[in-house]
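Here's a quick tour for anyone opening this one up for the first time. Have a look at the structure, then read on for charged pairs and a domain interface.

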Amino acid sequence: MKNFEYAAPRTEQDALALLSPRRDEVALLAGGTDLIPLMKKMILTPRRVVNLKNISTMRGVQRLSDFIVLGAVTPLDELADSPHLEPFPAVRQVIANLGSMQMQCQMTLGGELCRRPQCWYFRNGYGLLAQNGRLVEQGDNRYHAILGNEGPAKFVSASRLAPPLIALGAQVRVLGPEPDQQRWLPLEQLYRIPRSEEQRELTLLPNQMITHVRLPVESARWANASYEIKHGAGPQAPLATASVAVRMDSAGMVQQVRVVMGHVAPVPWPSPEAEQALRGQVITPEVAEQAGAAAVAAATPLSENQYKVQLAKTAVKRALLLAAGLETGGL
Amino acid sequence: MVKLDWPKHGEAALLGKRHSRIDGVAKASGAAKYAYDIVEENMVLARALGCPHAHCRIKSIDVSPALKVPGVVAAEALKKPGDEIQWQGDLVAVVAGETEGAVAEGLAAIKVQYEILDVFVKDDDLEAAQKAGRTRRAGQSTKLERDIPEDVEDEEEWEEKELQRLFDQCDVVVEGEYGIPVITHMCLEPHGSTCVWEGDKLIAHLSTQNVSGTPGQFAGPLGIPVTDVTVHCDFIGGGFGSKFAADVWGVAAARLAKKLGRPVQLMLDRDLELKNAGTRPSGFIKVKVGADRNGVVKVWDSHHWGTYGIGGGVVSQGVIPYVFDPPNRRRRATGIRVNAAPGRAWRAPNHPQGAVLSQCAYDDIARALGIDSMEVFIRNLPTVSNGKADVYREQIEIAAKLMDWKAKWHPHGKGPREGSVVTGLGMALHTWGGAAHNSTAELKIHPDGAVEIFLGSQDLGTGTRTVIALVVAETLGLYPDQVRVNIGWSTYPRSGPSGGSTTVGGVSESSRRAATAALNQLLQKVAPKLGVPAERLVARDGRIVDAQNPETSISWKQACSLLGMEPIVAKGEYRRGRTKTNLSSSQVAGVQMAEVAVDLETGVVKMKKFVAVQDMGLIINRKTAESQVLGGVIMGIAYALFEERILDPQTGAFLNAELSDYSLPRLGDVGEIVVHLYEPPEEYERGVVGLGEPPVISPGAAISNAVCNATGVRVPRLPLTPKRVLDALARAQKG
Ligand SMILES: Cc1cc2nc3c(=O)[nH]c(=O)nc-3n(C[C@H](O)[C@H](O)[C@H](O)COP(=O)(O)OP(=O)(O)OC[C@H]3O[C@@H](n4cnc5c(N)ncnc54)[C@H](O)[C@@H]3O)c2cc1C
């Protein structure tokens, strides 16, 4: 790790003032479980590290009239325990899947949403795009993207909470660069597929930060669930995930639905195709299977990750079955 | 005179019972100090710089910029211009400094120019390796029932025809490809040491399996007499065969410490640990097996390849086919040189690979014939090469009962399906030597009754310290906590390196011998006092007792007070092959059975139950013996389902050289494990046999066979990840 200057501001405005318009000059520190390993490997060598965890306005869960507001530095165990999150099994299941209690207490919501890709070329210092995608394409891409991978970015978006939160219609509050600049952005707009090494997987400017995430109170009435396909109980990223949120009428007919896949593309991957297949249907194993198939119909697997197509399809199917209160089958 | 022999079966006070480790509390509470925990006053930290390229030549190297970093106190190149580097992470330089941060910045400041050379890492691809000129023939051997006729000119051609003839006579012929990739040792405590000089004498606190054997490895390169080096290791955070040497980084630490006149701690970082400090060689095989309609194998023909890293080499021919030795066989082997660090011994060298490469093929015979796999294993027992057919037969019977095999069995791929989940059974069997290594012990009985023993041995976490205490306490009629066990210093009497399951035999031999000799000296003193000939005296329950008249006795303390001022000092020595013994022997069998569930939609394999039946001669500590088997099985589940070194095919970079990327199971992944220690009286009579290696051998084959039984499809290569399972299912579906 390279030496750095350390700041621990107590207000959002103080934090903002410490940021820099130059990329990678300043790093935001939340739980640190992603940032510190990258700094130790000198993949990131910030001149200054700004710890956000002392900013009390950014911590905790609050219910307002239209929204449930989650502070960005709230640790995940606090989220899981909050009564306001009870109607959101899609989120709680993912936190529970994280397994280790220490990690749940250390990781924060904002850090989890902003964690860098786990792509092993990136983590070994070959750059986010790994020589414009060439290394991944011709190398070991067993864990890489099967969708949205036409450009040079082949990694998969790392966040596990983004798919359920996007499915539930979450928004993020982005602060900066100017002290009075703030806006609420649909969470999916935080992510993008970079076209060049200078671009990043997040649309945030280097001198912006996320202070809060909010969920519409209305979404609490939607049936929702997440299904993550993991290899073992260890800390490795899931192989493919899906989150769904569904509004059904009294007969169980799907009125509105959001299907978002994770770990299949450089961004959390909403599937309008699956949603299309579900609208006006009652969720049955057959309908869920069809929705899963629709979700991966356009997949473009790389040389070593054909199997992920099957996994993504199964994740969608099982998330839907869970949301509908049906048996998912499987292990 | 008490006899050297172990107490008669059933008469031991301590041996064979369950004992907690004497160092258990120290370990659980954190009081136990590993090499990594040793912090000396005024110590500096050192770390190494790994080469980023897998194959290159050093054009220039300049460590001086590191010295300009505040806090850096020393920087040394380990390579010079012109040196060729053959794997990513090979150590190029070391830097010492006051803080971890300073050292890291120092390492980053070092300027090295490399000339990049061609990389080859595809150890599974024989054809590509041949094209790249990376192969080396590693022998061929053929055994046929028929002698070659004298008039034959081309013997190879005749053998080829004879094999063909034999295959033609078989009722079933199976052709298969199987494989097991390189894995790392993944010691929780990486390799390294804390080196301290006292004048011209070096003390190396080294994480090692080889306390007595490593001083010379420091002395040689440092150019000092071996008498000036002391190696110390009380606790080691994993070795598994990778920690026998001082290694370049150990010597580098000693050099830096000398130069600076300050203690230096140099431990490898996780990625350098995985890149340099130990891997298990891979094995891949193409095999053709022919059997009769009962599944009895008549002929075997195979070619296997794989890598030991840059040195070439391949899994030994001797383990192909494994345990079973059919009447006719031809085996060939080819080593592949890849740009990776040389392999090191990994718990039961060659055997886990042998089991996977051979016994998956035997299971595929069962699949082809539609008969119970267990039957096929039983029917082939007459051909086992270690003379243990009867032991295997009994062990299979026990394992089958514990697994409820008969009730659960279904032919391959024909079991009930629940949703997308199928279950299956698989088995494998193994063998290992485990003979005692050379060991010397010195035991002292003090006039106040205190007992201590000294051995230049080490406790790998297997419970060696406790074994020594138990043997001495059993011999002297004391409790284990009355024996002070001193190991872990090279200044103690020489004992062998802990590898190949040789330690428990070795230290039991020397400890028993030393304790018996010391006791006999004590009995000589006690005899006149009690007025009983020494021959009639025995030590038990903390007393010296007249065996014929138990009323006549004296407490241990009183007995020892007869020594006056002089403690008894006795030596026990064991030399393999030279010392006549019935305290220890060698050769074990062992049978394991696995039950798995497979999700056909996700390819996820889950362990349901695992049964391990293991012989080990005389059991000294039942608790740690079981623990060894449990640990071996878990380590086996790890390489069967999770572990694999992944090298980038283009750059040769070790892509998953961090704990965050290197898959390992967690407790939730290992399922129910049932351990049965096989110990009819004949086993006790054999004396002590090592146990470290055997239980880790069979899991790969047993689990692969179970997955095949569940799905009806062979997943040819370990680990059985969702990708491999789904790919195999998809291939099978395509036909
Ligand atoms: C030992 C260990 C075990 C792990 N086990 C698991 C596991 O089992 N499962 C799993 O999924 N993951 C695991 N991880 C990874 C972990 O989940 C991620 O590192 C974590 O989600 C990051 O959260 P954090 O709060 O620690 O983020 P940090 O590391 O603090 O930050 C992550 C990134 O987000 C940025 N950031 C943080 N907050 C903000 C903000 N408010 N606005 C803008 N940017 C911000 C930071 O600058 C940084 O780039 C493990 C990591 C470690 C070290």
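**Salt bridges and a domain interface**

Asp200(B) counts as exposed because its relative accessibility is 55%. Keep in mind that this is a predicted model. A search of the whole structure turns up 60 salt bridges over all chains, and a few of them are picked out below.

**Pairs within chain B**
- Asp200(B) pairs up with Lys258(B) in a salt bridge, with the closest N and O atoms 3.4 Å apart.
- This pair links distant parts of the chain, 58 residues apart: Asp200(B) sits in the loop between β10 and β11, and Lys258(B) in helix α7.
- Lys258(B) is partly exposed, at 41% relative accessible area.
- Lys80(B) and Asp83(B) also form a salt bridge, 3.1 Å from N to O; Lys80(B) is exposed at 52%, while Asp83(B) is buried at 18%.

**Between the chains**
- Arg318(A) and Glu601(B) form a salt bridge with the closest N and O atoms 2.8 Å apart.
- Arg318(A) lies in helix α12 of chain A and Glu601(B) in a loop of chain B, so the pair joins two chains.
- Both Arg318(A) and Glu601(B) are buried.

**Domains 2 and 3 of chain B**
- The centres of these two domains are 38 Å apart, taken over C-alpha atoms.
- About 990 Å² is buried between them, with carbon and sulfur atoms giving 54%.
- Gln86(B), Trp87(B) and Phe240(B) supply 50% of the area that domain 2 buries against domain 3.
- The count between the two domains is 1 salt bridge, and 6 residue pairs are in polar contact across the interface.

Methods
Residues numbered from 1 in each chain as written. Chains lettered and ligands numbered in written order. Predicted model: local features only at pLDDT ≥ 70, side-chain atom pairs only at ≥ 80, totals over all residues. Heavy atoms only, no water. Domains from an automatic or database assignment. Buried area = accessible area lost by both parts, 1.4 Å probe. Salt bridge = Lys/Arg side-chain N within 4 Å of Asp/Glu carboxyl O. Polar contact = N/O pair within 3.5 Å; in protein donor to acceptor, adjacent residues only side chain to side chain. Helix = DSSP H or I, 4+ residues; strand = E, 2+ residues; numbered from the N terminus. Buried < 20%, exposed > 50% of the residue type's maximum accessible area, 1.4 Å probe, protein only.
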